[in-house]
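Biologist: Let us look at one model together. I will ask, and you will answer.

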Amino acid sequence: MRYLTSGESHGPQLTTIIEGLPAGMPLTKEDIDFELARRQKGYGRGRRMQIETDQATILSGVRHGLTLGSPIAISVENKDWTHWTKVMGISPLEEGQEEEIKRKVTRPRPGHADLVGGIKYGHRDMRNVLERSSARETTVRVAAGAVAKKLLSLLGIEVAGHVLEIGGIRAKTPEYPSLKGLKEKTENSPVRCYDKEAEVKMMEAIDQAKKDGDSIGGIVEVIVEGLPSGIGSYVHYDRKLDAKIASAMISINAFKGVEFGLGFEMARKPGSQVHDEIIWAEENGYRRKTNRLGGFEGGMTTGMPIVVRGVMKPIPTLYKPLQSVDIESKEPFTASIERSDSCAVPAASVVAEAVVAWEVASAIVNQYYSDRFSTLKELIEQEKLNGRSF
Ligand SMILES: Cc1cc2nc3c(=O)[nH]c(=O)nc-3n(C[C@H](O)[C@H](O)[C@H](O)COP(=O)(O)O)c2cc1C
């Protein structure tokens, strides 16, 4: 499976084209809209999220509620586009019109893609960079992730994401939370946090950052449950599923680090406190006493839940701007302000769920490929049993 996204932040729409999904899988617009709405929530988002109410339009690949096996194209309209038709127009500019087109960006923001993207592509108006480097693009990654999540849930595999930390405030969570309990608690939390006490402090930290004209980052966690063992592979570096998930997490705007299970803590513990002991029982076959490795051995799922965390840096656009240089005058300037969030960690946890779901679904489809969804389902059910009888 693969997918491509296109679209600019203030262009008419965002689009994704998904290829490789088997035929006969139930899929509706509501499946996608549900996830889009989750991405838009979250304490600390700016005004843009009030303007947009994202809705998916499925343009191809689905008929009467079932996938056809052909590419699935999904678009999401940018409501804000109506205010940007001139600035983001497609037609060449006529003489003298350039002056009319406001919002030219010549002051790059430290920490964003503006300056390096401008140098790389030769854009002296760095709007040409920020329109695409903006995290608005993650809208359609969430749409593609919604399709992946649907496939996984039909195979009995559930994905949940939540916020572990914002601005240095860490949530207390049970070591092995049930996904149902986790979803119930975090879905109604404005910061997608399990721990009510931490939730209040996180919101205060966001308020403070906003007051200071600053921004704050955090840590999100994604858990995937119900997997058979052996998804991914140890035989090729590029088929290791943990590596693919790590790459997908880092591909999310502003994500700078990834860890599985005990993660970086492993460096400080002896092997006896890191590896998961193996047990066997008639009713459910092989299990692990613990899940410190976060569900992976040798790039393959162990059958235990995948537990992966990603760290998001604070958003680069600050109302208290950092020093930068105007690329026209070369004079020092305080960086320009685009409309911005002060903290997008809660929304980022929904994006993280989407990209992890995509990698897991993609590995499953590649490994048990069938043109028909019903056959894929049978193969996965069989695989879950194989793991038990080995
Ligand atoms: C959900 C989400 C929302 C974001 N919102 C903003 C924002 O409002 N302003 C901003 O400057 N950066 C925002 N970012 C981060 C930038 O898109 C990101 O820092 C930028 O593309 C540069 O990429 P890099 O940080 O990965 O190097 C957001 C990221 C995510 C995941």
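This is a predicted model: local features need pLDDT of at least 70, side-chain atom pairs count only at pLDDT 80 or more; totals for chains, interfaces and linings use all residues.

Biologist: Which strands are the edge strands of the open sheet?

Modeller: Strands here are DSSP runs (E, at least two residues), numbered from the N terminus, as are helices (H or I, at least four). Two strands pair if DSSP finds at least two bridges between them. The order is S8-S7-S9-S15-S10, with antiparallel pairing. Each edge strand pairs on one side only: they are S8 (169-170) and S10 (255-260).

Biologist: Which helix packs on the sheet, and what angle does its direction make with that of S10?

Modeller: Helix H9 (residues 241-250) touches S10 and S15. Contact means heavy atoms within 4.5 Å. Axes are lines fitted to C-alpha atoms, for helices over the stretch in contact, and angles run from 0 to 180 degrees between N-to-C directions. For H9 and S10, the angle is about 150°.

Biologist: Why do the buried residues of H4 line one face?

Modeller: Buried means under 20% relative accessible area, exposed over 50%, partly exposed in between (1.4 Å probe, protein chains only). In H4 (residues 114-121), the buried ones are Asp114, Gly117 and Gly118. They line one face because, seen down the helix axis, they fall within an arc (of directions from the axis to the C-beta atoms) of 100°.

Biologist: Which exposed residues does the face of H4 turned away from its buried side carry?

Modeller: The buried side has a cover that includes helix H5 (127-133). The face turned away carries Val116, Ile119 and Lys120.

Terms used:
Residues are numbered from 1 along each chain as its sequence is written. Side-chain values use heavy atoms; hydrogens and water are left out.
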